[in-house]
Amino acid sequence: ALELSSLQLLRGMNQQQLAAVVCADGPLRVAAGPGTGKTRVLTARIAHLVEEARVPPQRVLAVTFTNKAARELRERITRL
């Protein structure tokens, strides 16, 4: 089920967003303007790391600029 969700998360992403989701070179910083899909990219990246790269969830750290973004990210990941 999560595998299907991961594929659905990638639908409609642009080239840069997809590259950020599947980047395998260690830590990644996602910086972009408001409404550009940062939270969506982070959600998809975390799903990719856990499901495809088999990274244990407790080894994933996501840092956001605002508490609102952190809540939104947490809610989206919980729904997966």
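Me: At what angle do helix 2 and helix 3 pack in this model?
Reply: This is a predicted model, in which local features need pLDDT of at least 70 and side-chain atom pairs count only at pLDDT 80 or more, while totals for chains, interfaces and linings use all residues. Residues are numbered from 1 along each chain as its sequence is written, and side-chain values use heavy atoms, with hydrogens and water left out. Helix 3 spans residues 38–51 (helices are DSSP runs of H or I with at least four residues, numbered from the N terminus). Its axis and that of helix 2 are 8 Å apart (lines fitted to C-alpha atoms over the stretch in contact, with angles from 0 to 180 degrees between N-to-C directions), and the two helices pack at an angle of about 35°.

Me: Is Leu-9 buried or exposed?
Reply: Leu-9 belongs to helix 1, residues 2–10, and, leaving aside neighbours within four places in sequence, Leu-9 is in contact with Arg-40, Thr-43, Ala-44, Ala-47 and Leu-80. Its C-alpha atom is separated by 18 Å from that of Ala-70, a residue 61 places away along the chain. With a relative accessible area of 18%, Leu-9 counts as buried.

Me: What is the relative accessible area of Thr-43?
Reply: Thr-43 has its place in helix 3. Not counting residues up to four places away in sequence, Thr-43 touches Leu-9, Leu-73, Arg-76, Ile-77 and Leu-80. Thr-43 is classed as buried, and its relative accessible area is 2%.

Me: How far apart in space are Val-30 and Leu-73, C-alpha to C-alpha?
Reply: Val-30 is found in the loop between helix 2 and helix 3, where it is partly exposed, with a relative accessible area of 28%. Beyond residues up to four places away in sequence, Val-30 touches Lys-38, Val-41 and Leu-42. Val-30 and Leu-73 are 43 residues apart in sequence, and their C-alpha atoms are separated in space by 13 Å.

Me: How far is Glu-52 from Leu-73 in space, C-alpha to C-alpha?
Reply: Glu-52 lies in the loop between helix 3 and helix 4, and at 46% relative accessibility this residue counts as partly exposed. Glu-52 and Leu-73 are 21 residues apart in sequence, and the C-alpha distance is 19 Å.

Me: What value does phi of Arg-54 come near?
Reply: Arg-54 is placed in the loop between helix 3 and helix 4, the latter covering 67–79. Arg-54 is exposed, with a relative accessible area of 63%. Although Arg-54 is a residue other than glycine, its phi is positive, near 55°.

Conventions: Buried < 20%, exposed > 50% of the residue type's maximum accessible area, 1.4 Å probe, protein only. Contact = heavy atoms within 4.5 Å.
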